[in-house]
Amino acid sequence: MTVIRQDDLIQSVADSLQYISYYHPVDFIKAVGEAYEREQNPAAKDAMAQILINSRMCAEGHRPICQDTGIVTVFIQVGMNVQWDADMSVSDMINEGVRRAYNLPDNVLRASILADPDGARSNTKDNTPAVIHFEIVPGDKVDVHVAAKGGGSEAKSKFAMLNPSDSVVEWVLKMVPTMGAGWCPPGMLGIGIGGTAEKAMLLAKEALLDPIDIHDLQKRGAGNRAEELRLELHEKINKLGIGAQGLGGLTTVLDVKVKDYPSHAANKAVAIIPNCAATRHAHFTLDGSGPAALTPPSLEDWPEVTREAGGDVKRVNLDTVTAEEIKTWKPGDTLLLNGKMLTGRDAAHKKMTDMLAKGETLPVDLKGRFIYYVGPVDPVREEVVGPAGPTTATRMDKFTRTMLAETGLMGMIGKSERGDIAIEAIKEFEAVYLMATGGAAYLVAQAIKKAEVVAFPELGMEAIYEFTVEDMPVTVAVDTQGESVHKTGPQFWAAKIEAEKINVA
Ligand code: SF4
């Protein structure tokens with residue numbers, strides 16, 4: 001009989017969450033490094049360079065890879081011969097570990113969890129509760145997988161109850177383009193097949209805990225149907241040409257994981273859950289000898305990457321930029337932003353559009369300004385702001401027309417594509433949409449030299465800030481004519497991959 005002490009589980013969960021906030025798994029670093037080497041689209045290559053540089057900076061600085069530090073998901077297997085020296089439930093111990101990790105003063109993580117999700121949506125302030133999956137297994141150990149899942153990638157999850165004769169491959173290939181780039185590719189797809197509706201979703205999530213090893217599988221060949229599907233889907237998804245951050249390119253998925261389970265004769269449940277550029281998970285076992293020890297990766301695990309500022313990079317002064325100047329920007333152009341920008345995301349946009357509907361004056365003047373869709377991590381030590389990468393722009397699509405029409409806003413900065421309603425408004429008001437690299441939050445934060453809350457402080461990380469930036473790198477994603485790089489890029493690269501028979505497997 002093994003005795004597991006309460007504080008050993010609490011501290012191990014806390015240590016794992018801190019660890020994964022700043023260390024990518026080594027298999028992920030290597031896979032992005034290989035994709036970076038192979039990439040032919042300069043914009044996608046630069047996005048991967050930013051992800052790799054950010055990753056190494058986070059490992060050195062012990063600060064979060066992404067401003068979205070995720071919802072904690074735990075898979076725990078408890079041996080039947082384990083005895084607990086504890087007065088808390090196992091769920092309470094795990095949640096205490098989450099609380100300890102997210103409020104650690106040296107590396108405060110963003111609290112992103114809102115209680116009463118269809119009501120008050122009030123922040124629980126310590127990122128609890130975790131989503132916990134239990135299994136009771138033979139043995140005398142406790143085996144734990146801890147993950148912190150980004151909201152942007154979780155939002156792109158898909159599920160279908162297919163007919164038994166339907167093709168899983170066809171369904172996945174139909175779904176992936178509809179997922180856009182809000183899941184911050186390149187990443188992994190977890191696919192669950194069979195069981196019941198909830199079992200398929202769980203299999204897809206669990207599949208993401210496995211290491212990236214598609215190249216090993218290619219060498220040894222598929223041994224079962226799940227492995228056949230992995231090989232086929234990995235190649236066919238990459239042939240879609242979606243590429244890093246949806247800019248078009250050779251690598252959309254670094255790996256595809258498939259888990260299956262016996263199914264009812266009438267059903268074929270299938271689920272997709274993507275894992276993003278902030279792939280974060282760790283594994284530990286408790287055997288009664290104390291808390292888990294996690295071995296940090298070596299800095300040599302990161303490839304040497306340098307970003308080349310191409311000759312066509314434009315420096316922009318946001319304090320003096322004009323409507324005429326933004327008309328010269330073309331989709332795919334790289335800009336370095338300087339000067340002052342405002343921030344705002346879901347809650348601030350809802351509040352502002354509600355105020356406009358009531359004829360009230362906004363607390364900030366948006367005329368001629370740029371707004372950055374971001375919810376930063378709180379700063380520590382000498383930082384002016386914590387990691388502050390872009391959030392998914394499509395969530396702000398429904399507010400865009402009102403914002404452009406009624407405030408005189410000139411431009412927006414966010415992550416991934418815009419939907420058609422936003423693009424039409426951008427074209428009509430000759431505004432512009434710029435994208436920053438999702439998953440490069442600590443790198444982006446280095447460009448922010450001053451941060452001040454200017455409205456809605458009660459919204460916490462969703463408050464409106466004014467940032468002063470120096471050389472913040474962005475790509476023009478929708479120009480004043482409404483041309484979107486997220487439409488033209490993948491189309492061009494899918495055609496090129498096909499025409500030139502480029503190997504993307
Ligand atoms: S990398 Fe992208 S999807 Fe992942 S947590 Fe960060 S912003 Fe969200």
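How do the residues of the shell around the ligand divide into nonpolar, polar and charged? In this predicted model, the shell comprises 6 nonpolar, 7 polar and 1 charged residues.

**Ligand surroundings**
- The ligand is surrounded by 14 residues, of which the closest are Gly150, Gly152, Cys184, Cys276 and Gly439.

**Annotated span**
- An unreviewed UniProt entry carries the annotation "domain: Fe-S hydro-lyase tartrate dehydratase alpha-type catalytic" for residues 11–284.

**Helix 1 and helix 4**
- Helix 1 (residues 6–22) and helix 4 (residues 90–102) have axes that come within 7 Å and cross at roughly 45 degrees, and the two helices are therefore oblique to each other.
- The crossing of helix 1 with helix 4 is right-handed.
- From helix 1, Gln6, Leu9, Ile10, Val13, Ala14, Leu17 and Gln18 meet Met93, Ile94, Glu96, Gly97, Val98, Arg100 and Ala101 of helix 4, a contact with 9 nonpolar, 3 polar and 2 charged residues.

**Helix 12 and helix 13**
- The axes of helix 12 (residues 397–407) and helix 13 (residues 420–428) lie 7 Å apart at an angle of about 15 degrees, which makes helix 12 roughly parallel to helix 13.
- Helix 12 and helix 13 cross in a left-handed sense.
- Asp397, Lys398, Thr400, Arg401 and Leu404 of helix 12 meet Ile421, Ala422 and Ala425 of helix 13, and the residues of this contact divide into 4 nonpolar, 1 polar and 3 charged.

Key: Residues numbered from 1 in each chain as written. Predicted model: local features only at pLDDT ≥ 70, side-chain atom pairs only at ≥ 80, totals over all residues. Near = placed C-beta within 6 Å. Nonpolar A, V, L, I, M, F, W, Y, C, P; charged D, E, K, R; others polar. Axes fitted to C-alpha atoms, helices over the stretch in contact; angles between N-to-C directions. Helix = DSSP H or I, 4+ residues; strand = E, 2+ residues; numbered from the N terminus. Parallel < 35°, antiparallel > 145°, perpendicular 65-115°, else oblique. Left-handed = near helix turned anticlockwise from the far one by under 90°. Contact = placed C-beta atoms within 7 Å. UniProt positions renumbered as here; feature names shortened; annotations may be inferred.
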